[in-house]
Amino acid sequence: MFIRFQIVAIIGSLIYLFIVFEAVRRRKLKEAYALLWVGTGIFFLILSLLWWPITYISPRIGIYYPPASLFLALFVAIFLILLQYSILQSSRSEQIKELSQESGLLRHRVLNLEKKIKQLEERAEKE
Amino acid sequence: MIDNRDICVIVPCYNEGGNIVGVIKDVAAALPGACILVVDDHSCDGTGEIADKTGLAKVVTLPVNLGVGGAVQTGFKYAVRRHYRYAVKFDGDGQHPADQIIDLIRPLEEGWADVVIGSRFLVDDDGGFKSSFFRRMGIAVFRVVNSLLIRQLITDNTSGFRAYNRRSLRFMELHYPAFDYPEPEEVVLLGCNDFRICEVPVKMRERQSGKSSINVKRSFYFMFKVLFSVFMVALRPKIAVMPESEEVK
């Protein structure tokens with residue numbers, strides 16, 4: 001009954017996976033961050049191919065138009081990916097703060113050392 | 001004749017305060033004159049300070065935790081910028097035998113390898129290596145996959161006991177897979193970019209103290225992640241590699 005939608009879902013999943021794989025292959029996306037993208041792509045491809053989980057589960061959760069379940073699953077997947085990136089962003093933000101502080105402290109030490117070297121050179125010249 | 005002053009032994013560590021003094025002393029005794037570089041990956045047990053107090057090692061303390069890959073790459077950068085001819089990756093948990101470092105350097109010095117891996121599986125009793133079933137399964141999987149991808153049998157793709165010449169060091173300084181568990185991916189990266197890899201038999205010890213960061217759950221995650229990375233590396237075009245130049249230290 002939803003064969004056209006199923007075909008579009010399969011092609012869409014394959015294109016999506018191809019884009020993610022190419023981004024990783026071209027080093028634009030690191031493998032560790034691609035895992036969730038690849039996982040969701042494979043999940044949607046399997047759902048699109050099999051279809052019976054969608055037709056089985058949909059009426060049991062109050063969805064009487066099965067393709068809407070696929071969209072719901074897609075929203076959940078996007079939410080999880082966004083959450084992953086928020087968690088990563090929080091960690092990176094903390095690291096950037098640490099690095100900035102270290103950089104500031106090192107700069108202070110270097111400037112102090114340069115001042116001391118200059119003073120020693122001036123003293124040596126006077127002698 | 002190998003001059004120990006041409007060797008930089010890179011010891012990446014995270015919370016190895018209980019092991020690091022023994023490790024440094026072993027390496028110093030086995031290779032007098034070699035540089036021992038401890039890369040402290042932002043430990044919280046004072047590993048860096050403990051290493052520094054021995055007076056036998058140089059210590060780089062990272063301001064944030066980068067993981068073993070990031071720590072090792074820091075060591076490579078140090079070795080390249082100070083023009084060392086050879087670098088050895090040596091674990092800070094006491095498992096690697098310091099007296100066998102010279103066996104890893106020899107093929108590099110003789111010029112028939114760019115990277116030498118100390119393999120636990122080229123000796124009859126598995127090189128003293130005892131591990132869980134899942135780790136052994138993971139090691140077997142990488143042995144098959146990596147050997148097929150680079151068309152060369154590598155028996156121990158997860159060994160962290162490795163030595164590099166200047167050519168492979170410069171490559172690793174720029175392209176090292178700087179994430180957790182980089183060893184299998186490193187083999188494929190080197191093999192696919194025409195570096196000569198060889199293995200020598202080594203006998204390793206049990207971890208002296210502390211605990212491994214890899215448990216069963218993490219093992220599955222790492223295996224899946226690393227397999228994915230390994231296939232991606234194999235699919236990429238070759239990276240242009242500069243010919244080795246004879247720089248004087």
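These legends cover close-up views of a predicted model.

**View 1. Packing of helices α6 and α7 in chain B.** Helix α6(B) spans residues 166–175, and helix α7(B) spans residues 183–192. The two pack at an angle of about 120°, with their axes 12 Å apart. That angle makes α6(B) oblique to α7(B). Their crossing is right-handed.

**View 2. Residues in the contact of α6(B) with α7(B).** Helix α6(B) contributes B:F171, B:M172 and B:H175. From α7(B) come B:E186, B:L189 and B:L190. By class, the contact has 4 nonpolar, 1 polar and 1 charged residues.

**View 3. The aromatic pair of B:F76 and B:Y164.** The structure holds 11 aromatic pairs over all chains. One of them joins B:F76 and B:Y164. Their ring centres lie 4.9 Å apart, with 75° between the planes. The geometry is edge-to-face, because planes over 60 degrees apart count as such.

**View 4. Setting of B:F76 and B:Y164 in chain B.** B:F76 lies in helix α3 (residues 67–81) of chain B. B:Y164 sits in strand β6 (residues 162–165) of chain B. The pair therefore ties together parts that are 88 residues apart in sequence. B:F76 has a relative accessible area of 0%, so it is buried. B:Y164 also counts as buried, at 0% relative accessibility.

**View 5. An aromatic cluster in chain A.** Here A:F5, A:W51 and A:F71 form one cluster.

Methods:
Residues are numbered from 1 along each chain as its sequence is written. Chains are lettered from A and ligands numbered from 1 in the order in which they are written. This is a predicted model: local features need pLDDT of at least 70, side-chain atom pairs count only at pLDDT 80 or more; totals for chains, interfaces and linings use all residues. Side-chain values use heavy atoms; hydrogens and water are left out. Axes are lines fitted to C-alpha atoms, for helices over the stretch in contact, and angles run from 0 to 180 degrees between N-to-C directions. Helices (H or I, at least four residues) and strands (E, at least two) are DSSP runs, numbered from the N terminus. Angles under 35 degrees count as roughly parallel, over 145 as roughly antiparallel, 65 to 115 as roughly perpendicular and the rest as oblique. A crossing is left-handed if the near helix is turned anticlockwise from the far one by less than a right angle, and right-handed if clockwise. Contact means heavy atoms within 4.5 Å. Ala, Val, Leu, Ile, Met, Phe, Trp, Tyr, Cys and Pro count as nonpolar, Asp, Glu, Lys and Arg as charged, and the others, Gly among them, as polar. Rings of Phe, Tyr and Trp (its six-membered ring) pair if their centres lie within 6.5 Å; planes under 30 degrees apart count as stacked, over 60 as edge-to-face and the rest as tilted. Buried means under 20% relative accessible area, exposed over 50%, partly exposed in between (1.4 Å probe, protein chains only).
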